[in-house]
Amino acid sequence: MVGTSTSPCASCKLLRRRCAKDCIFAPYFPPADPQKFAIVHKVFGASNVAKMLLDLPAERRADAVNSLVYEANARLRDPVYGCVGAISYLQNQVSQLQMQLALAQAEIVCIGQMVGQQSPPFDSQPDNKPLFLLQNGLLALNHHHHYDHDHHMSMKTNSFFGDIIS
């Protein structure tokens with residue numbers, strides 16, 4: 001979309017200037033979306049954005065504008081950290097989820113070893129078999145083994161979240 005004198009791009013409209021045919025902003029900041037340029041201008045300034053766009057090959061400018069808009073929005077939400085704050089938060093969540101996954105996988109191994117060591121085998125008591133469901137990476141342990149005070153095995157049903165539902 002090329003700017004014309006009748007319909008200036010969002011940049012030229014905000015800056016109150018005539019939109020030239022070769023306006024660097026016109027293809028990326030259409031008049032229908034003035035807020036997009038206003039945010040970028042507020043954070044980076046029009047001259048800095050123009051310099052950045054002119055330094056890039058034409059095929060990379062649209063991606064650069066999208067990145068500038070994203071970063072400008074992040075800076076307005078979090079003036080200190082911007083995108084880095086969001087990235088740090090997400091990396092922290094990934095780290096916590098990886099730890100939870102490792103713990104769940106270790107628990108699966110331990111439970112599998114416990115079930116493999118049980119005597120007599122649960123095949124003789126089909127109603128008391130532990131039921132393991134591994135679906136979409138989540139473990140649902142429906143039965144958990146406990147020993148009572150007389151060292152007899154008892155079965156209690158647990159939900160995925162650990163609460164007893166027997």
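**Exercise 1. How do H3 and H4 pack: what are the angle and the axis distance?**

Solution. H3 and H4 pack at an angle of about 150°, with their axes 9 Å apart. Axes are lines fitted to C-alpha atoms, for helices over the stretch in contact, and angles run from 0 to 180 degrees between N-to-C directions. H3 is therefore roughly antiparallel to H4. The classes are these: under 35 degrees is roughly parallel, over 145 roughly antiparallel, 65 to 115 roughly perpendicular, and the rest oblique. Next, the handedness: H3 and H4 make a right-handed crossing. A crossing is right-handed if the near helix is turned clockwise from the far one by less than a right angle, and left-handed if anticlockwise.

Now list the partners. H3 brings Val49, Met52, Leu53 and Leu54, and H4 brings Arg61, Ala64, Val65 and Leu68. Contact means heavy atoms within 4.5 Å. By class, this contact has 7 nonpolar residues, no polar and 1 charged. Ala, Val, Leu, Ile, Met, Phe, Trp, Tyr, Cys and Pro count as nonpolar, Asp, Glu, Lys and Arg as charged, and the others, Gly among them, as polar.

A note on the source: this is a predicted model, where local features need pLDDT of at least 70, side-chain atom pairs count only at pLDDT 80 or more, and totals for chains, interfaces and linings use all residues. Residues are numbered from 1 along each chain as its sequence is written, and side-chain values use heavy atoms, with hydrogens and water left out.

**Exercise 2. Place the helices in the whole chain: how many helices and strands does it have?**

Solution. Count 5 helices and 4 strands. Helices (H or I, at least four residues) and strands (E, at least two) are DSSP runs, numbered from the N terminus. Along the sequence the pattern is α-α-α-α-α-β-β-β-β. The chain has 166 residues, and 25% of them count as buried. Buried means under 20% relative accessible area, exposed over 50%, and partly exposed in between (1.4 Å probe, protein chains only).

**Exercise 3. Check the length of H4: what span should its 20 residues have?**

Solution. H4 covers residues 58-77. The rule is 1.5 Å times one less than the number of residues.

**Exercise 4. Find the buried side of H4: which helices do its buried residues pack against?**

Solution. First list the buried residues of H4: Arg61, Ala64, Val65, Leu68, Val69, Glu71, Ala72 and Ala74. An α-helix has 3.6 residues a turn, so residues three or four places apart point the same way. The buried residues of H4 pack against H2 (34-44), H3 (46-55) and H5 (83-116).

Take one example. Leucine 68 sits in H4. Its relative accessibility is 9%, so leucine 68 counts as buried. Leaving aside neighbours within four places in sequence, leucine 68 touches Val40, Phe44, Val49 and Met52. Leucine 68 and valine 40 are 28 residues apart in sequence, yet 6.5 Å apart in space, C-alpha to C-alpha.

**Exercise 5. Describe H2 and its neighbours: at what angles does it pack against H4 and H3?**

Solution. Start with H4. H2 and H4 pack at about 70°, with axes 9 Å apart. H2 is therefore roughly perpendicular to H4. The crossing of H2 and H4 is left-handed. Among the H2 residues in this contact are Ile39, Val40 and Phe44, and among those of H4 are Val65, Leu68 and Ala72. The contact of H2 with H4 has 9 nonpolar, 2 polar and 4 charged residues.

Turn to H3. H2 and H3 pack at about 100°, with axes 7 Å apart. H2 and H3 are therefore roughly perpendicular to each other. Phe37, Val40, His41 and Phe44 of H2 meet Ala46, Asn48, Val49 and Met52 of H3. This contact of H2 with H3 divides into 6 nonpolar, 2 polar and no charged residues.

**Exercise 6. Compare two loop residues: is isoleucine 24 buried or exposed, and is arginine 16 buried or exposed?**

Solution. Isoleucine 24 lies in the loop between H1 (10-15) and H2. Its relative accessible area is 16%, so isoleucine 24 is buried. Isoleucine 24 touches Ala50, Leu53, Leu54 and Arg61, not counting residues up to four places away in sequence. Arginine 16 also lies in the loop between H1 and H2. At 78% relative accessibility, arginine 16 counts as exposed. Arginine 16 has a positive phi of about 55°, although it is not a glycine.
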